[in-house]
Amino acid sequence: MNRGLFITFEGIDGCGKTTQIELLREFLDSKGIANTVIREPGGTEVGEKIRQLLLDKKNSDMTSLTELLLFEAARAQIVEEKIKPALDDGICVICDRFYDSSLAYQGVARGMGTDIVKMLNNVAVAGVDPDITFFLDISVEESIARRKSRGDESDRIESAGDSFIEKVRQGYLYAALYDSNRIRTIDATGSVDSISSQIISIISERL
Ligand code: T5A
């Protein structure tokens, strides 16, 4: 049996990952391709508990290293419990965020450095790397506008401020530059349908 395709979606908050993942899932279903959608942090019982710790605004004294290690712990759990078994069964895995989020948010924006994050990412995923990653690129202004129109209260990480989110974006642009074979940058300011068409056309070539 062939290993399933491992697809991840990345970008700053509100870039449209959830919207596009749902459309990709509908496309895969229509083609009869077995798939599963998961999210990081979370996606497992242990991971959802870690997610609550990470996003809770009350945890304002959490250090950057603690934050990074918690993201990596949740990742190690979901890789072992969900992602690897599904891929081994030939199921296509679509993940809402994966290790490039740690590179951009903790490595670049929090200033932990990309070397330590890459090292911990490698430990957490133990060779289970994405086949293709969509970086949905929007400006910080667009991110703010979309989150405002959604009306949700911001979580601990979103509350870090606009300059933090700008650094996250720069982190993604850096990652995409150095791993252009895997990471496909999509201008995510267009219409939902046009972005979806681009993603589906790239995935169709890989199926
Ligand atoms: N994090 C995560 C780290 O710091 N390190 C890590 O290692 C990991 C894994 C997770 C937080 O944790 C951080 C990053 C995050 O801050 P989360 O709640 O999972 O938090 O939040 P996000 O992943 O950021 O998800 P969001 O729901 O905020 O954004 P999405 O899923 O990218 O966007 P979506 O699809 O919900 O769309 C947002 C809004 O925009 C509209 C939608 O209708 C919606 O209202 N929209 C569009 N509007 C106009 N044009 C388009 N093309 C649109 N597409 C969607």
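Isoleucine 116 lies in helix α5, where helices (H or I, at least four residues) and strands (E, at least two) are DSSP runs numbered from the N terminus. The model is a predicted one, in which local features need pLDDT of at least 70 and side-chain atom pairs count only at pLDDT 80 or more, while totals for chains, interfaces and linings use all residues. Residues are numbered from 1 along each chain as its sequence is written, and side-chain values use heavy atoms, with hydrogens and water left out.

Isoleucine 116 counts as partly exposed because its relative accessibility is 30%; buried means under 20% relative accessible area, exposed means over 50%, and partly exposed is in between, with a 1.4 Å probe and protein chains only. Together with Leu65, Leu69, Met119 and Val123, Ile116 forms a nonpolar patch on the surface, and these residues have about 430 Å² of accessible area together. Patches are made of residues with over 30% relative accessible area and no salt bridge, with like charges joined within 9 Å and nonpolar side chains (Val, Leu, Ile, Met, Phe, Trp, Tyr) within 5 Å; the areas come from the Shrake-Rupley method with a 1.4 Å probe, and for residues only the protein chains shown count as cover. Helices α3 (64-88) and α5 (114-125) each supply at least two residues of this patch, and the largest share, three residues, comes from α5.

From the patch we can turn to the charged side chains. A search of the whole structure finds 16 salt bridges, a salt bridge being a side-chain nitrogen of Lys or Arg within 4 Å of a carboxyl oxygen of Asp or Glu. In one of them, the side chains of aspartate 100 and arginine 182 meet at 2.8 Å, N to O. Aspartate 100 lies in helix α4 (residues 99-109) and arginine 182 in the loop between α7 (162-178) and β5 (183-187), so the pair ties together parts that are 82 residues apart in sequence. Both aspartate 100 and arginine 182 are buried.

Other salt bridges stay within a single helix. Arginine 75 and glutamate 72 meet at 3.0 Å, N to O, and because they are three residues apart in helix α3, about one helical turn separates them; both are buried. Glutamate 22 and arginine 25, which meet at 2.6 Å, N to O, both lie in helix α1 (residues 17-30) and are likewise three residues apart, about one turn of the helix. Glutamate 22 counts as partly exposed because its relative accessibility is 34%, and arginine 25 counts as partly exposed because its value is 25%.

Glutamate 158, found in the loop between α6 (140-150) and α7, is buried yet has no salt bridge, and the nearest side chain of opposite charge, arginine 150, is 4.4 Å away; in this count Lys and Arg are positive and Asp and Glu negative, while His and the chain ends are not counted. Not counting residues up to four places away in sequence, glutamate 158 touches Asp13, Arg147, Arg150 and Glu153, where contact means heavy atoms within 4.5 Å.

The protein has eight helices and five strands, and buried residues make up 47% of its 207 residues. Among contacts between residues at least 6 apart in sequence, 80% join residues at least 24 apart.
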